[in-house]
Amino acid sequence: MELFRRFGAYFHSYRKYAVLGVLCVISETIFELVIPLIMADLVDIGVASGDTAYIFRQGWKMVACAVLSMGLGVGSARFAALCGHGLAAEIRKAEYRKIQSFSFSNRDRFHTESLVTRMTSDVTTIQNAVTTGMRPGVRSPIMLLTSICMSFLISPKLAVVFLVAAPVLGFALFQIVSRVRPLYTRMQGAVDQVNRIVRENLTAVRVVKAYVRGDYESAKFLEVNEDLRAISDRSFRLAALNMPAMQLVMYATILAILWIGGNMIVQGQLLVGKLTGFLSYVLQVLNSLMLMSNVFLLLTRAMASGRRILEVMDEEIDITDEKAEPVAVERGEIRFDHVSFQYRTGAAEYVLRDVDLTIGAGETVGIIGGTGSAKSTLVQLIPRLYEATEGTVLVDGRPVDRYPLVHLRDAVAMVLQKNTLFSGTVEENLRWGKADATEEEIREACRVACVDEFIDRLEKEYQTELGQGGVNVSGGQKQRLCIARALLKRPKVLILDDSTSAVDMVTEAKIREGLAAYLPHTTKIIIAQRITSVLHADKIVILNDGRVDDVGTHWELLDRSRIYQEIYHSQQEGAGL
Amino acid sequence: MAMTKPMSYKRPEDLKGTLLRLLRYLGAHKLSLAAVAVMVVLSSMANIFGTYLLRPVIRDFIEPGDMEGLGRMVLKMAAMYGAGALCTLGYNQLMVRTAQQVVAQIRRDLFLHTQILPLKYFDGHTHGELMSHFTNDVDAISEALNNSFTLLIQSFVMVTGTITMLLVLDPQLTLIVLFFLALMLLFILYSSRSSKKYFHQQQACLADLNGFVEEMVAGQKVEKIFNHEAADFAAFCEKNEALRRAGTRAVSYSGMMVPTVVSLSYFNYAVSACVGGLFVLAGLTDIASLSPYLVYVRQSAMPMNQLTQQANFFLSALSGAERIFRMMDEPPEVDQGKITLVRGETGPDGTWRETEKGAFAWRKPDGSLVPLRGDVRFHDVRFGYVPEKTVLRDVSLYAKPGQKIAFVGSTGAGKTTIINLITRFYEIDRGTITYDGLDLREIRKADLRRSLSVVVQDTHLFTGTIADNIRYGRLEATDEEVRQAAVLANADSFIRRLPDGYDTMLVGDGDNLSQGQRQLLAIARAAVARPPVFILDEATSSIDTRTEKLIERGLDRLMEGRTVFVIAHRLSTVRNANAIMVVEGGKIIERGDHEELLSQRGRYFQLYTGQAELS
């Protein structure tokens, strides 16, 4: 019930359609009950008395009723559609909003593929329950009630049979529903797995093809496919037990009534005509029950999906604006105050350990260190993509969680190591940095990021369509587009996380010089592998295994840091000019 | 940010073709379906006959007070009903089972087809859009198969049964019923056809939304950094609204069928009643048989009613199937190669035998062997990803066996493209590529790729353990070989520090590993494959230079005598290459070894001294 209340909230703007839809179904049902009465009069009065005019009058009445009920039926279908799809749209919207606010540790608990199914497949189930369940869901109880009333009116004694049949039916249904519910949940889980394999094969299609692993991947797929088949088979077959169970009870009831009714007639307690009438209502009752149980199964499935959706909605967001004060970043000074970090609380190892570091406003700082030394992790703490496990990250002397996320992230631009471009044109991608950027601004940012060097070689320049992940530009071009996108923000802090690795040295130098002029007062943090990328920095931080090993200028470090010397030499060796 | 791609709604609406193909899938389960059909017929007959019997039972046993006879009759009916219920149980169970097998088969065929589609196809579609086929479209089919097939037969039986009863009671009046039933059927067919396009839109919108969600969830870090949530949400809402509209339209349209058919049945009822009444007055029939007749008239509409209620499932399924079949009809990668890769050695008697560890060779269709040496040549190759834009212009190059060939040049110059052509990820427009003197197109694609080990620019890992991911290069590699490859790639030390070492599970493309660590794993994966030809495309771009040096030494040892193609920006890593090709604007503008190129004082010199000058 909690579930219904929760989802009821998404109904708000569609409530009127729900009410209208229900009203339509009710009136339609009433017409359906009225038409046989008109018919009875037609035969019993009209035909019996030979009154042709009466017959036609009744005939027209029936036609009028039919037209009216058609109107109502069309209305109810329309309203049910509006409701179902409206509700689905609202749920998807709310879910999307929620997922947008997820931190990465929130996301880790679900996995991408599952989040996608929870937004599409699960929502469709709920939508189907509303659009196809509304009509029978409203109609059958009415039919049921009227039929039961009628049969009690005819013979209360005979109607007692229902009192036996109903609990039996209820019990059977309960057994089925309570067993099938967990199965439905597992079934959606299996859908996630199919999605996962498909998704991995799409993202890593080049790897699969290069290693000729089509068969291997197919085998993996067949496994999850079989799992999904097996669990769907189990769930649906269990749910399908509903039909024969209903039929069995229905038939037993009919026979019981026939027997008991027959005995009553023989004992003179019941008239034959009444038994015939009674039986037709019995059929009505049982039919309604059957329809209702189908609605029930639809609901059960919807509830399993609903629960999965609520899991998303109820996930507690761990990076929030809770402590935020309405301030913006002014200068861009950054301080790591004894910061330690681990991706999962309680993990044995710390990724960052006791990092204590100050980066002055407007400074250019290089970060260098071995593979896996947590360079990227360190800088991702600044725009609060992750939160420090211990210690504090401060910007302009204020802990980062004291800024509203929007302001903080507005002030910090970051070019990720693993770049992401989105499907859409080049220009649309660039406008992520500044939605209302003028053409002039875009061109300038592109000039600084050396995008202008290749833009004219793209098919339609700024209007070139990029596929998902920017598949149709080269690695270096992608990196430069990402830099341009970040520059358009004109941030207070600019973080370049190894974002020129696929760009040649000359271009990289050009970009660096351009940056200094384009953003003179911006704090710049440059993570790089090449010493040449950082040697002009005001200071260079050496990270080793999650700790700050040393900080100094190029010459200082060259003088005293063994790690730096090694890196330097590894890049100088044989450069011999 | 308008990410809307033009969605083509106007597809050839081939209802019949789709249906036939769907039926072909069902055809594999002929026996089960026949059994289902028989059981449906039996179960429906039990139901109809039972209802029919009620009246005679009352008339013949209850009215005369024959309780013994009634008891016998009730028992007989119980037996019949019991059999009916049993059949219902049987067909429901069997149908679900068959339906799920069919659906699994469709998913399987779809997946197998994605495995043979060319890369070009994937470049043009978002992942979520393609994933939608596997979930939303297949779901729609599953939904319909679970119920619609049996309902179809059931309705058919009901209609036939009722019409028979009507004919028995009054053949003339039945003409009216037949007329109306035909009218209903025509209406159902007509409106299915016209509402199908709305269902098509619905499935297309769903795929579009799926694609968007997938892409945004995958790129969430960027979204956060750019505070782009609001803009994306707006774009999402647009797509969401489009789906809502399409869905509402589809369902309202198909939902109109039910009430229309219901009221047609009332018309039928009314007309039958009036005409029947007149018949009675004219003495053509008697009033006593009119009432039961009218009851059956009313019943005759029930199956139609049931059918129309299934309409939206049925129509969703058809559009889902149509979309799936369209993807299955996408032409697969061209592969007419007949030359295969074999391993073997010449025995002491001079005959060549296949052995597990022998030398690689190409086996031509005529049985002759060409030793694999790694001699790759491009002759005036021209290529563009799209016809309008040529990326490579008349490229000619050669790699002598055992050489280390490096491609350098500015980004976007076409280096990765050259690699993409060697692996035959894309087809060239003009010219030829030969491999050990054989036309690349003559070599079976799988064998061609098996002879190459490629480390691509974008590292992708799979869900599974670290060891599984390395073993991807050669599935039969032993644990020790996996470890050795990791040592060679310098990944061993970081792997051993992970909580479960080589058994650490990676999820979500190995998101919690650093980019550099992922590259180390990719190199280990390539190393464990031990192929005759190696291709490294920016394989070490995120790896620190000290580690890179160590890997390089390891790789040099591993690849001794093998042909290696390297793309790198750090020129220090290509200095020792036998031949360096400078690619610029889709052409090779310089070639030679390091010393030669430097002495030419051309582009390479510029690139190289660019570094030197800066340091």
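Reply: pLDDT is the predictor's confidence in each residue, on a scale from 0 to 100. That term is needed at the start, since the model is a predicted one. Chain A has a mean pLDDT of 84, and 98% of its residues reach 70 or more. Among the elements of this chain, the highest mean, 90, belongs to helix H9 (residues 214–240) of chain A, and the lowest, 77, to helix H1 (residues 2–8) of chain A. Where pLDDT is low, predicted coordinates should not be read in detail.

Now to the core. The largest nonpolar core has 278 residues, and those that touch the most other members are Cys83(A), Ala406(B), Ala489(B), Ile523(B), Ala524(B) and Ile580(B). Within chain B, domain 1 (15–328) and domain 3 (376–614) both contribute residues to this core, so the core lies between them.

The domains of chain B give some context. Besides domains 1 and 3, the assignment lists domain 2 (340–371).

Next comes the contact between the chains. In chain B, 152 residues are in contact with 151 residues of chain A. On the chain B side, helix H3 (residues 67–116) of chain B gives the most, with 23 residues. Sorted by class, that side has 72 nonpolar, 56 polar and 24 charged residues.

Chain A contains 21 helices and 12 strands. Its radius of gyration is 35 Å, well over the 25 Å that the globule rule gives for 577 residues, so chain A is more spread out than a compact globule. Its C-alpha atoms fill a box of roughly 120 × 55 × 50 Å along the principal axes. Of the 577 residues of chain A, 54% count as buried. Among contacts in chain A between residues at least 6 apart in sequence, 79% join residues at least 24 apart.

Technical notes:
Residues are numbered from 1 along each chain as its sequence is written. Chains are lettered from A and ligands numbered from 1 in the order in which they are written. This is a predicted model: local features need pLDDT of at least 70, side-chain atom pairs count only at pLDDT 80 or more; totals for chains, interfaces and linings use all residues. Two residues are in contact if their C-beta atoms, placed from the backbone, lie within 7 Å. Helices (H or I, at least four residues) and strands (E, at least two) are DSSP runs, numbered from the N terminus. Ala, Val, Leu, Ile, Met, Phe, Trp, Tyr, Cys and Pro count as nonpolar, Asp, Glu, Lys and Arg as charged, and the others, Gly among them, as polar. The radius of gyration is taken over C-alpha atoms; the globule rule is 2.2 Å times the number of residues to the power 0.38. A residue is buried if 20 or more other C-beta atoms lie within 10 Å of its own, exposed if 12 or fewer, and partly exposed in between; C-beta atoms are placed from the backbone. A nonpolar core is a set of buried Ala, Val, Leu, Ile, Met, Phe, Trp, Tyr and Cys residues joined through C-beta atoms within 7 Å. Domain bounds come from an automatic or database domain assignment.
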